[in-house]
Amino acid sequence: MTWQGTLLHVHIAPAASYEMEERAEAQLVAGRGIVGDRYYLGIGTYSPKPDVREITLIEVEVLEAIANGEPKIPGFKGLLKPEEHRRNLTTRGVPLNHLVGKRFQIGETVLRAARMNFPCKYIEELLGMPGLYEGLLNRSGLNCSIEVGGVIRPGDPILPMDE
C-alpha cells in the first residue's frame, strides 16, 4: 500500500464538550498529546479509562461522504464541519482504517496508530444531528500515540513509515 496524504486541520478542545478550536500549528508531546488539548491535560471525557487517546484523526473524505449521504445504508446525510467531529486532526489521502499497528509521519512527528475510533452517541446531542452516530460507524477515525513529538501545521505531508 503506497500513499501520501496531507494534514488539513488541527483542532483542540481545552475541556470535555468545549468547542474545538482550530490551530495554525500545534506542539505534539510524545506519550502525552497535543499541548492544550483536553487529553493532554488529562481532563477529557475518557481520560480515566486506559486507552490510547494522545491524538485522534479523521479523514475529510468521510466528511464529504456524509455530506452526500454515502453510503446509502445507513444513508445519514449531514454537513459535519472539521471543527465539529471532535477529532484533533483532519487528513486527506490517508487510509486511516488500514493503519492500525503502523507508524506514520506528520511533518516532523511520528505517530503509531493504536485503534480505530468509535463514535459516541453524545455527538448527536452535542450537534443536534440525529443519525450521525450510525453515519460514523466504522469510519470515525483513528486513535494514535505520539512516538516523536514536534510541531505540526496544516499542509504538512503525511507519509507511511511501515510499508
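Two strands count as paired if DSSP finds at least two bridges between them, and helices (H or I, at least four residues) and strands (E, at least two) are DSSP runs, numbered from the N terminus. This is a predicted model, where local features need pLDDT of at least 70, side-chain atom pairs count only at pLDDT 80 or more, and totals for chains, interfaces and linings use all residues. Residues are numbered from 1 along each chain as its sequence is written, and side-chain values use heavy atoms, with hydrogens and water left out.

**View A. Here is an open sheet of 3 strands, in the order β4-β3-β10.** The pairing in this sheet is antiparallel. Its edge strands are β4 (33-34) and β10 (150-152), each pairing on one side only. Look at strand β3 (residues 26-29): 3 bridges tie β3 to β10. Across from Ala-26 you'll find Ile-152 in β10.

**View B. Strand β7 (residues 103-106) pairs with β8 and with β11.** With strand β8 (residues 109-116), β7 makes 4 bridges in the antiparallel sense. With strand β11 (residues 157-160), the pairing is antiparallel too, over 3 bridges. Phe-104 sits opposite Leu-111 in β8 and opposite Pro-160 in β11. The β7-β8 hairpin has 2 residues between the strands, and Gly-107 takes a positive phi near 55 degrees there. As for the faces of β7, Phe-104 and Ile-106 are on the covered one, while Arg-103 and Gln-105 are on the uncovered one.

**View C. Now for the largest nonpolar core, with 22 residues.** A nonpolar core is a set of buried Ala, Val, Leu, Ile, Met, Phe, Trp, Tyr and Cys residues joined through side-chain atoms within 4.5 Å. Buried means under 20% relative accessible area, exposed over 50%, and partly exposed in between (1.4 Å probe, protein chains only). Which residues have the most contacts inside this core? They are Phe-104, Ile-106 and Leu-111. The elements giving it two or more residues are β1 (5-12), β3, β5 (55-59), β7, β8 and β9 (142-148). There's also a second, separate core of 11 residues, with Ile-66, Phe-76, Ile-123 and Leu-132 among them.

**View D. Zoom in on the largest pocket, which holds about 460 Å³ of space.** On a 1 Å grid over the protein atoms alone, a pocket is an open set of points where a 1.4 Å probe fits, with protein on both sides within 12 Å along at least five of seven lines; lining residues have an atom within 4 Å of a point. Grid points are joined across faces, edges and corners, and a volume is the space filled by probe spheres set on the points. Of the 23 lining residues, Tyr-39, Tyr-46, Arg-86, Arg-87 and Cys-120 lie nearest the centre. Helix α2 (residues 122-127) gives the largest share of the lining, 3 residues. By class, the lining has 10 nonpolar, 7 polar and 6 charged residues. Here Ala, Val, Leu, Ile, Met, Phe, Trp, Tyr, Cys and Pro count as nonpolar, Asp, Glu, Lys and Arg as charged, and the others, Gly among them, as polar.

View E. Arg-86 lies in the loop between α1 and β6 and has a positive phi near 75 degrees. Arg-86 is buried, at 12% relative accessible area. Asn-138 is exposed, at 60% relative accessible area.
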